[in-house]
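Hi,

Here's the structure I promised to pass on. Have a look at it first, and then read my notes below.

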Amino acid sequence: MALRDFGNRVPNFTAVLGRESTKTTAAAIADLLGRVLEPEQIDVSEVPGCCRGYVVTGTQDIGQALEPILEQNNLIIQDLGTRLKVTPITEPAVVDVDESELGMSESEHIQPVSFEEGSEFDLPVEVNVEFVDPDQDYQTGSVRERRVNSRSAVVNSVSVPLTMSANEARVIARLINMTT
């Protein structure tokens with residue numbers, strides 16, 4: 001290979017190996033979970049939406065591969081004993097937990113939880129989100145969201161290996177900016 005055109009370095013190529021525009025998010029999650037579970041152990045019946053594309057780079061365990069899809073679609077996986085159920089996060093659930101499952105007995109002293117207010121300088125002034133952009137021929141797109149009136153110099157960069165529009169990526173950037 002003539003490397004002169006590539007600055008005497010081996011080029012890094014990215015290729016779209018398959019394109020299935022009708023695949024649902026539920027089917028994509030079921031495909032990933034199906035690598036380690038039987039179909040009857042997976043319940044994705046409540047998962048909405050269409051998965052327009054997803055890039056898995058290198059060797060990843062199933063949790064790492066699922067994380068971007070779950071975050072983008074605001075989903076959670078529940079272990080129901082005999083199966084895993086993937087559902088949208090709606091409102092916080094109130095759950096009564098039996099004392100025997102807490103790992104402490106009544107005789108043990110419970111330490112109070114303390115909270116500290118963090119410094120504004122620890123918060124990012126800017127969040128950059130990189131994603132696969134269908135409007136740019138499936139090349140890497142990028143959006144940034146800046147915090148107004150911040151004194152920080154911290155920039156948080158996140159790479160999401162999912163196909164999404166710039167508006168969807170901006171929503172993720174805003175959520176990260178508000179929650180960090």
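In which sense do strands S4 and S6 pair, and over how many bridges? S4 and S6 (residues 155-163) pair in the parallel sense, over six bridges. Two strands count as paired if DSSP finds at least two bridges between them. The strands themselves are DSSP runs (E, at least two residues), just as helices are (H or I, at least four residues), and both are numbered from the N terminus.

Before you go further: this is a predicted model, where local features need pLDDT of at least 70 and side-chain atom pairs count only at pLDDT 80 or more, while totals for chains, interfaces and linings use all residues. Residues are numbered from 1 along each chain as its sequence is written, and side-chain values use heavy atoms, with hydrogens and water left out.

With strand S5 (residues 139-146), S4 pairs in the antiparallel sense over eight bridges.

S4 (residues 126-133) is mostly covered, with seven of its eight residues buried. Buried means under 20% relative accessible area, exposed means over 50%, and partly exposed is in between (1.4 Å probe, protein chains only).

Is Glu145 buried or exposed? Its relative accessible area is 16%, so Glu145 is buried. Its side chain also has a polar contact of 3.4 Å with that of Arg174. A polar contact is a pair of N or O atoms within 3.5 Å; within protein, one must be able to donate a hydrogen and the other to accept it, and residues adjacent in sequence count only if both atoms are side-chain atoms. Leaving aside neighbours within four places in sequence, the contacts of Glu145 (heavy atoms within 4.5 Å) include Val125, Arg170 and Asn177.

Last stop: Gly53, in the loop between strand S1 (42-43) and helix H2 (62-72). Gly53 counts as buried because its relative accessibility is 18%. Not counting residues up to four places away in sequence, Gly53 touches Leu162 and Thr163. Gly53 and Tyr138 are 85 residues apart in sequence, but 9.0 Å apart in space, C-alpha to C-alpha.

Cheers
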